[in-house]
Structures are given as C-alpha cells and as structure tokens.
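Morning, everyone. Please have the structure open on your screens, and follow along as I talk.

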Amino acid sequence: MKIVVCVKQVPDTKGGVKFNPDGTLDRGAMLAIMNPDDKAGLEAALRLKDEYGAEVTVLTMGLPKAEEVLREAMAMGADKGILVTDRVLGGADTWATSTTLAGALRNLEYDLIITGRQAIDGDTAQVGPQISEHLDLPVISYAKDIKIEGDSVVVERQYDDRYHVLKAKMPCLVTALSELNEPRYMTPGGIFDAYDAEITVWGRKDLKDVDDANLGLNGSPTKIAKASDKVRKGAGEKVELDADESVAYIMGKLKEKHVI
Amino acid sequence: MDFTLSKKHEMARQLFKDFAETEVKPLAQEVDETEHFPMATVEKMGKYGFMGIPIPKEYGGQGCDILSYVMCVEELSKVCGTTGVVVSAHTSLCADPILTYGTEEQKKKYLPDLASGKKIGAFGLTEPGAGTDAQGVQTKAVLDGDEWVLNGSKCFITNGEVGDIYIIIAYTDVVEDKRGRKVKKFSAFIVEKGTPGFSFGTKEKKMGIRGSSTYELIFQDCRIPKDALLGPQGKGFPIAMHTLDGGRIGIASQALGLAEGALERTIEYTKERKQFGRSISAQQNTQFQLADMATKVEAARNLVYKAAMKKQQFAEGQKVSYSVEAAMAKLYAAEVAMEVTTKAVQLHGGYGYIREYDVERMMRDAKITEIYEGTSEVQRMVISGSLLK
C-alpha cells in the first residue's frame, strides 16, 4: 500500500499570534511546527504502515525551510519526503495550494492520501477536499478512526454529537482530526537518518497538468483584507437572581436575540 | 570553530525537551516524594530509543553520537534529576564498557536488550571500604573450573535493584610491585540478575535523586561463567577508570541540566514575584545573580559539550584521551549545579524551601553530582595529575 500524507509547516500559535505592522503574520517571530491535524494524519498513516505494511511519503508545499517538517515526519517513520517550493507558488490561497499539491500528487502512486482537517494558521479546512476534487477521488473528512478492509478504507467521521462510519474504495482521500490519535515521538536514530536522507525538491516545472492561472498569489481568488488575533470576549453581564427568575431572564435574552 | 548546533542536533534536543516536559516533568515531584523508581518512564524511553542513543545500530542502538546522548541526559535532568541519572548510569557505566571491551558474543548478547530498555544496566565498583581508593576493594573472583566464583559486596549502586545486567569489578590476583608491596589486580565481569548467590542488600535512603534505585549488591559464592569476564583478566582497573571517564560526562550533563532547570524556574519566578510594588526581577541584586548563574551555566555547557565531542573522536577510532576533559566538565558542572540551585532557592525566598517548588528538589539533587562517579576532589586529582606529570 502506498500512502501520501500532505503536511504543512505552520507557526505555533500556543504562545499567541504575532503580527507584522501591515497585519500579516510575523512567521519569523513564532516557532515553526508541523500542523497538529496533519501530524495526526501522519500518525494514522504510520499506524497503517505498522499494521498492514505501507510506504509512507510526506508531501509539503512551502518555503525551503519547510523541509524541517519533512525531516521530522521521516524521523517519526515516514519513508520519503517531497518539498514543493518555487517563488511563483508563493502567496497561495486554498485553491492555488490544492492545485499545486494535486499537480505534485499526479506524479505519485498512491492508494490513500491523508491530509489534516485544517491548518492552525488558516483554519479553512478546504485544501484536503479540494485536492480530492482535482484528482477526482472520493473524500472522507473529519476522520477520528481509519481502518483498512481489503481495497477500501473504513472511516469514523466525527460530528458534534455523533459519528458516521463510512467506507470508500481506494484510492481516496481522508482528512484527519488531531483527536484521531496521540502522535508518536521521533527517535534519535530516526532524526540522524532523516538528516542523512535526500529530500526530493520539486518546483513549478515538476507539477503535472496545472495551469499557471491557478497558482501562487495571482492564481488565488481569496485575498486577505486584514488578519487579527482572537478578539477577547468581555466579562459579560452578571446578574444575581433566584432559579425561577434566572430561567425567565435567560429566556427573555434568548428571545431578544432571536435565538428562540 | 563553530559553537552552533547542527540542525539534526537541534531537532534531537527538541525531541528530548518535548519528551521531558510531557512525560517526565509531571512525575518528578511524586518520584522524589515517594522514592518511586520511574519504571513506566523508562519503558517509554526504551520504546523511543533513549536507552541506546550512542549504541551502534548493528547492536540495536540508535547509532547517534555522544553529544546527542549528553543532550538527552541534560534535558531529562532539567525536569528530573532521577530520570537523568537512570539513563546516564545505564548508558555510560554498563552499555559503554560492553561496547568498548566486550567480545562480539558479549555485544550481541547484551547490547540489543540494553539499547531497547528491555534490560537496565548498572555498574559496581564502590564498596564500604573502597571509594576513591580502589585498592580497598574486597570483592574477590576466583576461577573454579569453567566458572568464576564471586564473593563480596558493593554499595551505593545506581539502578541497583531495578538493574538486569551489572558490570562488577573484583580482584582476581594479588601481585608484588617493584618495591615488594602487595597490589591487587582487578578484573571486570558481566553479572546477570537472578544468578544464584547474587542478592540485594539495603536500599539507601538519600538526600536527593530519591527515585533512583540505590542498593547494596551482595555476592555469596556467586558462580558466573568463565566467559563473563569483560576485557582481559587483570585489566579491571583501567577498564573501570575508562568507564568512569565516560560516566563523568553523563553526570556532568545531569549537573548541567539541573543548573539549567533551576535557572529557568528562577527567571519565571522572579518575573512573577512582587515585592515593594514591583517584580523582584526589577531589583538589581536579582539581575546580577541571574547574570552570574546564566554565565556559569553557559561555561559549564561548553565544557560538557567539548568533553562529549572528545569522547566522540575516541568512539570514531581516533587515539585520543578524554579523561581530563571529562574531569573538568564534571568538576565544573557539578559545582555550578550546586551554586546555581542554591542561589535559585535563595531567590525564591521562603517558597524555595518548600517541597512544592522544584528548586528545593533540584538543590538536593545537585549535591550528589559533586560526589558520585568521582568526587570533585578526585576530578582535581585527575586534572592536576595531567598538568604535573
């Protein structure tokens, strides 16, 4: 079985988000990490490798520095790393990103493509499903469990209050939630091997069946007008009432806001 | 000369740091309070290869260098001195002499299980009457047919009762030196747990590294196979000394980690703690103390990493000695650990004396680094010996 996992290097938002004066993310001031949902997707692929035997390739698009997440993935147990990097691909939105990754994936053999549900620096959750559209593959998003049955995958798809069990014939694409698993640590020997290994680097010319009009900043229909950190919620309104009055008060507020 | 860590070493450090913060730090206080050996942590470390970092891949190890191993002990010790010494004694005092002096059969037999953490390693030289003075060793090994018969006892043995494989130093001969004085000739042996005649005595109750399993080992007509001899017969003393040279780099890393951990917590605390309407980090006394602590930690780190690199050259086959570098690293790092942890407690004020605060434990843990695997005085003997020869 051949599995390709798409990963993204993102700024670590744990310590807060930092911005440049022009409102864009100050990536240099934040630690770069592997996107958590993608890491869960990688762990899922490595568990399938442990259980069924598989070749796991990690694919990323980004700056040359993004090779770090490929080395990390290989130190965890992935077999190959491919970095797609080119100036003309910079400034890509989800459409241009998925077009690029699909162009890279057309060069590869795969039974299963796993992506994270969404990246913590964009929170769009669009790239995975868009790749499946480009490649005309079935997609199952929000996976909290992935199993293989013959030539199909069986996935538990998470909802707020329930989950669906879905089966799809491979090749297909699955998007993973960080709740899917607890990713393994790297090993020291794995790190040394990963730094001895070759990373395949592809540019624009290596992308298959893609149109320049759909790549990079110029090929991105979405333009970011302004970005900001989460707006802190105010302290709210505090009232001291007994139980009956509280219910009446809350009902009144909900009606006032047209919630009920 | 480049003091910058390579990217792979940076990534290895990040791994050890993440593991220490997530898996080790939450247990450190309990391990100390209850004197509980962190077996579950050791199993996890085994799974991820931490118990065999410098062991070559052909023997089931990670095939990494000494610097990676040093950084592992350092990062673990930043949050828990006990966990740091478990890895250090296991790797430097048991796996390393087998790798350096073992026959191919011994390496194949013992190293894979040590590297995977399936078995824990220990080393026994010290006895009630023999510490710095190795001639005081009373444990004796006599060849009887195809077996060695061991009699005697060892004390203060790290990984004592939890160990599976022990390197034991015993005398095998008494010869006369040039002046006609009787001198013991020592040999090194590999002894497995469960061998009849090998038992454990008292568990030591210690000031610090309280989770570490420190025991007395007792040998009463303990029969081990003839091929349990490690290295040539009569060469036990140089084997023990060479093993301790490596061990000192491990303990120096533990000391470095303790000092760094105490400094980190003190920086956090002094920024939060308010007196006279401002944080105590705004006081010049605090600032100067922190500056001195950080400078000494940095100097210790450079000595420890330099010793690690020298040992790496030896491991790669160069004919170099790292004995003096190891002694300097351990001497300095241990004294810095004691000084920095003591200052850390002082800067924490009354809270620093309370067990709830990590620096209290770190100060107790630091003291042993000036004592075991050669006291600071022994390190000074080694260093001055090289100057005055």
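**Two chains, one walk-through**

Chain A first: it has six helices and eleven strands. Before we go on, remember that this is a predicted model. The model scores ipTM 0.94 and pTM 0.91.

So, the outline of chain A. Along its principal axes, the C-alpha trace spans about 65 × 50 × 40 Å. Chain A has 260 residues, and 40% of them count as buried. Now look at contacts in chain A with a separation of 6 or more. Of these, 71% come from residues 24 or more positions apart.

Let's zoom in on one residue, A:Gln118. Where does A:Gln118 lie? Find the loop between β6 (112-116) and α4 (127-135) of chain A; A:Gln118 is in that loop. Is A:Gln118 buried or exposed? The cut-off for buried is 20 or more other C-beta atoms within 10 Å. A:Gln118 has 24 C-beta neighbours inside 10 Å, so it counts as buried.

Which residues does A:Gln118 touch, if we leave out those up to four places away in sequence? They are A:Asp37, A:Asp123, A:Thr124 and A:Ala125. Now try A:Tyr142. It sits 24 residues from A:Gln118 along the chain, and the two C-alpha atoms are separated by 9.5 Å.

Next stop in chain A: helix α6, residues 243-256. This helix has 14 residues. From first C-alpha to last, α6(A) reaches 20 Å, close to the 20 Å expected at 1.5 Å a residue.

Over to chain B. It has ten helices and ten strands. The mean pLDDT of chain B is 97, and 100% of its residues reach 70 or more. Its C-alpha atoms fill a box of roughly 80 × 45 × 40 Å, taken along the principal axes.

What radius of gyration would a compact globule of 389 residues have? Near 21 Å; chain B has 389 residues and a radius of gyration of 21 Å, so the two agree. Buried residues make up 53% of the 389 residues in chain B. For contacts in chain B with a separation of 6 or more, residues 24 or more positions apart account for 73%.

Now some strands in chain B. Take β4, residues 165-176, and β5, residues 182-192. They pair in the antiparallel sense, over eleven bridges. The hairpin of β4(B) and β5(B) has five residues between the strands. There, B:Gly180 takes a positive phi near 85°.

β5(B) also pairs with β8(B), residues 229-230. That pairing is antiparallel too, with two bridges. In β8(B), B:Leu229 is the bridge partner of B:Phe189.

Last topic: where the chains meet. How many residues does each chain bring to the contact? Chain B brings 15 residues, and chain A brings eleven. On the side of chain B that touches chain A, helix α1 (residues 7-34) of chain B gives the most, with seven residues. By class, that side of chain B has seven nonpolar, four polar and four charged residues.

That's the tour. Questions, please.

Methods
Residues are numbered from 1 along each chain as its sequence is written. Chains are lettered from A and ligands numbered from 1 in the order in which they are written. This is a predicted model: local features need pLDDT of at least 70, side-chain atom pairs count only at pLDDT 80 or more; totals for chains, interfaces and linings use all residues. Helices (H or I, at least four residues) and strands (E, at least two) are DSSP runs, numbered from the N terminus. The expected span of a helix is 1.5 Å times one less than its number of residues. Two strands pair if DSSP finds at least two bridges between them. Two residues are in contact if their C-beta atoms, placed from the backbone, lie within 7 Å. Ala, Val, Leu, Ile, Met, Phe, Trp, Tyr, Cys and Pro count as nonpolar, Asp, Glu, Lys and Arg as charged, and the others, Gly among them, as polar. pLDDT is the predictor's confidence in each residue, from 0 to 100. A residue is buried if 20 or more other C-beta atoms lie within 10 Å of its own, exposed if 12 or fewer, and partly exposed in between; C-beta atoms are placed from the backbone. The radius of gyration is taken over C-alpha atoms; the globule rule is 2.2 Å times the number of residues to the power 0.38.
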